[in-house]
Amino acid sequence: MPTTEINILLDEAVAEVLETMCFMSVVGPLEDEPDSAMEWVSATLSVTGASSGTFGVCVPLPVARIMAANMLGEEASEVDDARTSDTLCEIANMICGGFLGRLGADRVYDLSHPIAQPALVLPQEGAMTEG
């Protein structure tokens, strides 16, 4: 599948999860380079099956906290780091599931449990491998 089509499916999955679960809208790609001084957090999981690779999300910690607060129906100031990480893992799992479902309902995948951690490297574009 061409990268352009993969990106469209991924954009759709991200928008669906953020809009329905976090009450947030996707406004488009970053116009500037990400702020390397800001603390970032990531959640990743492994995917095996019809397509294999590592899937993950990486966001600034303050944004992850707002996402968690919106999902949990709380104020961002009430959400600690552990709950933020757990929520980001669930968001990564839902986006991955939405994306894989868009690749084809007849495909079978095994997903690992998502793991959250501080992001050591800022996000870069990438694609899953077929195989």
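**Reading a predicted fold: exposure, pairing and overall form**

User: Is D106 buried or exposed?

Analyst: D106 is exposed, because its relative accessible area is 70% and a residue counts as exposed over 50%. Please keep in mind that this is a predicted model.

User: Where does D106 lie in the secondary structure?

Analyst: One locates a residue by the elements on either side of it. D106 sits in the loop that runs between α3 and β3, the latter covering residues 109-111. A further residue can also be used as a reference point: the C-alpha atom of D106 is 9.6 Å from that of A50, although 56 residues separate the two along the chain.

User: How many helices and strands does the protein have, and which pattern do they follow?

Analyst: The elements are first counted and then read in order. The protein has 3 helices and 5 strands, and their order along the sequence is α-β-β-α-α-β-β-β.

User: How many aromatic pairs does the structure hold, and why is the pair of F55 and F99 described as stacked?

Analyst: Two rings pair if their centres lie within 6.5 Å, and planes under 30 degrees apart count as stacked. The structure holds 1 aromatic pair. The ring centres of F55 and F99 are 6.4 Å apart and the planes meet at 25°, so this pair is stacked. F55 belongs to strand β2 (residues 51-60) and F99 to helix α3 (residues 81-103), so the pair ties together parts 44 residues apart in sequence.

User: Are F55 and F99 buried or exposed?

Analyst: The cut-off for a buried residue is under 20% relative accessible area. F55 has 7% relative accessibility and therefore counts as buried; F99, at 3%, counts as buried too. In the protein as a whole, buried residues make up 31% of the 131 residues.

User: What do the radius of gyration and the spans say about the overall form?

Analyst: One compares the radius of gyration with the value for a compact globule. For 131 residues that value would be near 14 Å, and the protein has 15 Å, which agrees. The C-alpha trace spans about 45 × 30 × 25 Å along its principal axes. Of the contacts with a separation of 6 or more, 63% join residues 24 or more positions apart.

Definitions and conventions: Residues are numbered from 1 along each chain as its sequence is written. This is a predicted model: local features need pLDDT of at least 70, side-chain atom pairs count only at pLDDT 80 or more; totals for chains, interfaces and linings use all residues. Side-chain values use heavy atoms; hydrogens and water are left out. Rings of Phe, Tyr and Trp (its six-membered ring) pair if their centres lie within 6.5 Å; planes under 30 degrees apart count as stacked, over 60 as edge-to-face and the rest as tilted. Helices (H or I, at least four residues) and strands (E, at least two) are DSSP runs, numbered from the N terminus. Buried means under 20% relative accessible area, exposed over 50%, partly exposed in between (1.4 Å probe, protein chains only). The radius of gyration is taken over C-alpha atoms; the globule rule is 2.2 Å times the number of residues to the power 0.38. Contact means heavy atoms within 4.5 Å.
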